[in-house]
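Grab a pencil and have the viewer open.

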Amino acid sequence: MARWGKVNFKQLERLQKKMQKLEKADFDKFCEDMAKEIAARLLARVIKRTPVGDYGDGTVGGTLRRGWTAGSHREAELSSTFGGGAGAKKFADTMTVVKKGSTYVIEVINPVEYASYVEYGHRTRNHQGWVPGRFMMTISADEVEQLAPKLIEKKLMKLLGEAFNGD
């Protein structure tokens, strides 16, 4: 009969403990946090890219820009007068993440009524010309879409590292 030799099960036991620790990790919370972080990055980019109206008489707008972190058109208008308005990260942390199947959805909108006209373009008032769109959301969303996989991978590696390297 053959001899198999000595077997040390301590490493297998350590691996089992690390797998149990990983099993306890809250992946739903991880995914929600990632959705909020990606939304914050999108908001930061789109806010920078959103134009501010200059009316020639010394007044400037900003309602559209403030609209990204406002709940309504009126709130965006009033936030310049009464203060307020959250930063992109702070606002994204208050947003609701909805899980649909295996997908996590977070909705980023601008409630200002003319936002789509600035985004995609519109006819002039006299209907004789066309004002081109600024595509602030479209361009920002494309940029964040390119950035997201690396960001998610980095955070996931950190989560796995904590589970497997932290004893």
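Below are some ground rules, then the exercises.

This is a predicted model, where local features need pLDDT of at least 70, side-chain atom pairs count only at pLDDT 80 or more, and totals for chains, interfaces and linings use all residues. Residues are numbered from 1 along each chain as its sequence is written, and side-chain values use heavy atoms, leaving out hydrogens and water.

**Exercise 1.** Describe how helices α2 and α7 pack.

Step 1: Find α2 at residues 27-49 and α7 at residues 136-165 (helices are DSSP runs of H or I, at least four residues, numbered from the N terminus).
Step 2: Their axes sit 9 Å apart, at an angle of about 145° (lines fitted to C-alpha atoms over the stretch in contact, with angles from 0 to 180 degrees between N-to-C directions).

**Exercise 2.** Work out how E37 and R41 are paired and placed.

Step 1: They form a salt bridge, with the closest N and O atoms 3.3 Å apart (a side-chain nitrogen of Lys or Arg within 4 Å of a carboxyl oxygen of Asp or Glu).
Step 2: Both belong to α2, four residues apart, about one turn of the helix.
Step 3: E37 is buried at 16% relative accessibility, while R41 is partly exposed at 35% (buried is under 20%, exposed over 50%, partly exposed in between, with a 1.4 Å probe and protein chains only).

**Exercise 3.** Which residue does D33 bridge to?

Step 1: Its partner is K29, with closest N and O atoms 2.9 Å apart.
Step 2: D33 is partly exposed at 38%, and so is K29 at 46%.

How values were computed
Helix = DSSP H or I, 4+ residues; strand = E, 2+ residues; numbered from the N terminus.
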